[in-house]
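Please have the sequence and the model open as we go.

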Amino acid sequence: MTNPQSGGAKAASHTKAPDTATVGVTRALDVVSRDAKPSGLMTLSGVEMWERFSFYGLQVLLAYYLYYSLSDGGLGLPQPIALGIAGSYGGLVYISQIIGAWVADRVLAPKYVVLVGGTAILAGHIMLAVVPGLIGLIIGLVLIVIGTGGLKVNTTMMVGALYPDGGARRDAGYAIYYMGITVGAFAGPLITGALHQSWGFHMAFGAAAVGMAFGLGQYIFGMRRLPASTAVVPNPLPAAQRAKWIIITLIGLGLVAIAVMTGLIRPDNISSVVALIVLVAAIGLFTMLLTNKQVTRSERGAIVTYVPVFLMSLVFWTLLFQLFTAFAVFADTKINLTIGSYTMPPSLIVTLESLAVAAVTALLAVMWTRARSTRMEPITKLVVGIVAMAAGAAAIVPFSFGAGQSMPLAIALLVMIFFAFGEALFAPSALSFTAELAPKAASSQMTALYFLTMAGGSTLSGWISQSYREGAEAQYFGTVAIVSLIAVAALAVVYRIISRSVAAR
């Protein structure tokens with residue numbers, strides 16, 4: 001699995017097409033190792049690698065932990081509720097990154113926000129590892145959500161701060177940074193999945209805690225190598241506004257506590273609550289962008305053009321995060337995971353998708369670099385990416401009718417390749433669109449909108465997965481595929497209409 005949530009910050013600093021950037025990255029990789037602050041880069045890349053190790057190590061097991069029976073080491077929650085919680089957790093993680101970026105911009109320097117965030121993540125994984133039951137789950141996930149919000153977006157931003165002059169060095173720095181992300185995203189599920197299979201959930205969560213401990217320790221040791229600018233609050237809150245924001249924060253926390261205690265927010269409706277938050281935030285951000293007096297008329301046209309792209313991104317992430325909700329259940333119950341005498345953990349299927357993404361991305365980069373005729377328009381990449389993922393969902397349908405583990409492992413891997421191809425096409429192009437259409441005076445708000453598509457996609461994935469039922473897998477994945485295809489076709493038409501209208505002005 002690639003690391004979509006840190007892509008927004010990267011997108012803000014790039015306006016080149018993905019295939020052009022690839023050439024620059026390839027040529028510049030050796031530059032970083034010579035004179036582009038490699039020690040600071042290794043500090044950030046290292047903490048991010050271990051954070052991804054712990055994050056994905058937990059995420060691939062979370063749905064299982066929630067709905068497995070008590071005798072199997074789980075919490076025994078009803079499967080629909082478990083899938084809703086798993087999706088909502090991912091949504092809250094991405095929403096929290098918008099808050100983390102604001103805190104680092106106005107309250108506490110990014111360097112220290114990452115330190116606090118890493119400490120919270122470590123504490124959260126420890127809670128999951130050593131405190132059984134719902135208490136450990138709730139406290140652990142809350143700490144991880146808060147910590148990830150502080151760590152993720154700010155480590156990505158600080159990589160950019162290592163290269164104030166930008167250019168090829170920054171491209172190469174991000175390339176190396178994402179190498180660390182890829183390693184962590186692959187190794188975490190691989191290790192926690194194996195530990196869960198042999199020793200149970202809490203041992204697996206303990207491994208995620210150990211990984212984050214390594215990352216935090218390495219970050220503390222290397223903090224002094226980061227640029228001085230990372231220890232400065234860029235846009236500090238005026239002293240006169242601090243009391244107001246403290247009151248707003250306390251009121252917000254109080255309202256959440258009251259909603260939980262009165263049953264307004266419950267495990268069975270958490271996905272609906274988070275989806276409502278995403279909807280309100282998206283409407284608010286689009287309104288702020290379109291009414292901002294510093295945004296020019298042409299930039300407003302670009303923002304309107306971004307609306308169908310925003311909705312396509314929402315469809316894309318809803319499809320992708322099926323891997324951690326409905327498909328996680330399917331992998332556990334319908335895929336034949338036995339190879340000879342070895343039975344593969346179901347979590348490993350999802351992990352293999354990240355390897356496929358890396359391979360497909362490299363293949364597409366080479367193909368588009370050498371043959372211009374094979375390149376696609378950016379909007380075409382978005383459409384084809386979603387179509388590929390819908391095809392992956394559709395490929396599940398014929399193998400869903402049989403009893404027991406009716407899907408061969410080879411077909412499951414083919415489904416992962418469809419998903420990987422879709423991700424490799426869609427994600428870079430969506431990032432490029434976000435950067436290209438962002439108004440100069442409010443690029444961070446456009447980045448926040450992209451984060452919201454990930455939050456909304458994860459939440460919607462959990463929400464629709466609540467309708468998943470064993471014995472009706474074909475209907476579920478068939479419906480997901482058909483609705484996705486209809487949605488992307490309609491949005492592609494809307495995009496063409498809006499872009500032509502804006503261009504004609």
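Let me begin with R496, which counts as partly exposed at 31% relative accessibility, where partly exposed lies between buried, under 20% relative accessible area, and exposed, over 50%, with a 1.4 Å probe and protein chains only. This is a predicted model, in which local features need pLDDT of at least 70 and side-chain atom pairs count only at pLDDT 80 or more, while totals for chains, interfaces and linings use all residues. Residues are numbered from 1 along each chain as its sequence is written, and side-chain values use heavy atoms, with hydrogens and water left out.

The partner of R496 is E377, and the closest N and O atoms of this salt bridge are 3.6 Å apart, a salt bridge being a side-chain nitrogen of Lys or Arg within 4 Å of a carboxyl oxygen of Asp or Glu. E377 sits in the loop between α13 (346-370) and α14 (378-396), whereas R496 belongs to helix α17 (residues 473-504), 119 residues apart; helices are DSSP runs of H or I, at least four residues, numbered from the N terminus. E377 is also partly exposed, with a relative accessible area of 45%.

Salt bridges that share partners join E48, E51, R52 and K152 into one network. Within it, the side chains of E48 and K152 meet at 2.1 Å, N to O, and both residues are buried. E48 lies in helix α3 (residues 38-67) and K152 in helix α6 (residues 133-161), 104 residues apart. E51 and R52 form a salt bridge at 2.6 Å, N to O; E51 is buried at 1% relative accessible area, and R52 is buried at 0%.

Conventions:
Helix = DSSP H or I, 4+ residues; strand = E, 2+ residues; numbered from the N terminus.
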